[in-house]
Structure formats: structure tokens, C-alpha cells
Amino acid sequence: MGLISKKSLLERIRRSPQARAKLVQNNLAEGIAFQIRATRDKRKMTQADLARESGMTQNNISRMESPDYGKH
């Protein structure tokens with residue numbers, strides 16, 4: 001992250017509690033999605049494998065691994 005980006009980010013989160021909450025929410029959503037994918041990959045599982053093990057559909061797993069989905 002460049003200096004300008006850091007400065008802009010700091011200005012945004014200093015503005016309000018709502019801005020900070022939104023930043024945390026977005027980072028958590030992305031982190032969860034990436035952790036699901038990383039864990040699945042580490043165990044050498046496909047989305048279908050994980051779906052079977054978790055009692056979900058492959059489509060649900062795909063959505064959960066998408067950081068842009070937003071409804072984890």
C-alpha cells in the first residue's frame with residue numbers, strides 16, 4: 001500500500017465510527033473467504049469435497065469463498 005493510500009485510509013477511518021465499522025466488516029468478510037479457500041486447498045479438497053463433508057452444496061461453498069459475496 002502506497003503512502004497516499006495509507007493516508008487516505010487513515011483519513012476515512014478517523015471520520016466516524018461507522019467508517020471504521022465498515023472497514024472492519026469488509027476485512028473480516030474477505031479474510032473469512034480467503035481462509036476457507038486456503039484451508040480447503042491445504043487439505044487438497046475440491047469445493048465438491050468440502051460441500052459433501054459440510055452438508056452444503058458446491059454452489060454455497062463457491063459463494064463463501066468469494067470475498068465479494070458479502071453474506072457469509
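A: A helix here is a DSSP run of H or I with at least four residues, and helices are numbered from the N terminus. The model is a predicted one. In that numbering, helix 2 spans residues 17-42, and Ile32 is found in it.

Ile32 belongs to a nonpolar patch on the surface, together with Val24 and Leu28. The accessible area of Val24, Leu28 and Ile32 together is about 260 Å².

A salt bridge joins Arg37 to Asp41, with 3.0 Å between the closest N and O atoms. Both partners are partly exposed: Arg37 has a relative accessible area of 40%, and Asp41 is at 37% relative accessibility.

Asp41 has another partner in Arg40, and the side chains of these two meet in a salt bridge at 3.7 Å, N to O. Arg40 has a relative accessible area of 8%, under the 20% cut-off, so Arg40 counts as buried. The salt bridges of this region form a network that links Arg37, Arg40, Asp41 and Glu65.

Asp49 and Arg52 both lie in helix 3, three residues apart, about one turn of the helix. A salt bridge joins Asp49 to Arg52, and the closest N and O atoms are 2.6 Å apart. The accessibility of the two partners falls into separate classes: Asp49 is partly exposed, with a relative accessible area of 24%, while Arg52, at 61% relative accessibility, is exposed.

By the 4 Å rule between a side-chain nitrogen of Lys or Arg and a carboxyl oxygen of Asp or Glu, the count comes to four salt bridges. Among them are Arg37 with Asp41, Arg40 with Asp41 and Asp49 with Arg52.

Note on methods. Residues are numbered from 1 along each chain as its sequence is written. This is a predicted model: local features need pLDDT of at least 70, side-chain atom pairs count only at pLDDT 80 or more; totals for chains, interfaces and linings use all residues. Side-chain values use heavy atoms; hydrogens and water are left out. Patches are made of residues with over 30% relative accessible area and no salt bridge: like charges are joined within 9 Å, nonpolar side chains (Val, Leu, Ile, Met, Phe, Trp, Tyr) within 5 Å. Accessible areas come from the Shrake-Rupley method with a 1.4 Å probe; for residues, only the protein chains shown count as cover. Helices (H or I, at least four residues) and strands (E, at least two) are DSSP runs, numbered from the N terminus. Buried means under 20% relative accessible area, exposed over 50%, partly exposed in between (1.4 Å probe, protein chains only).
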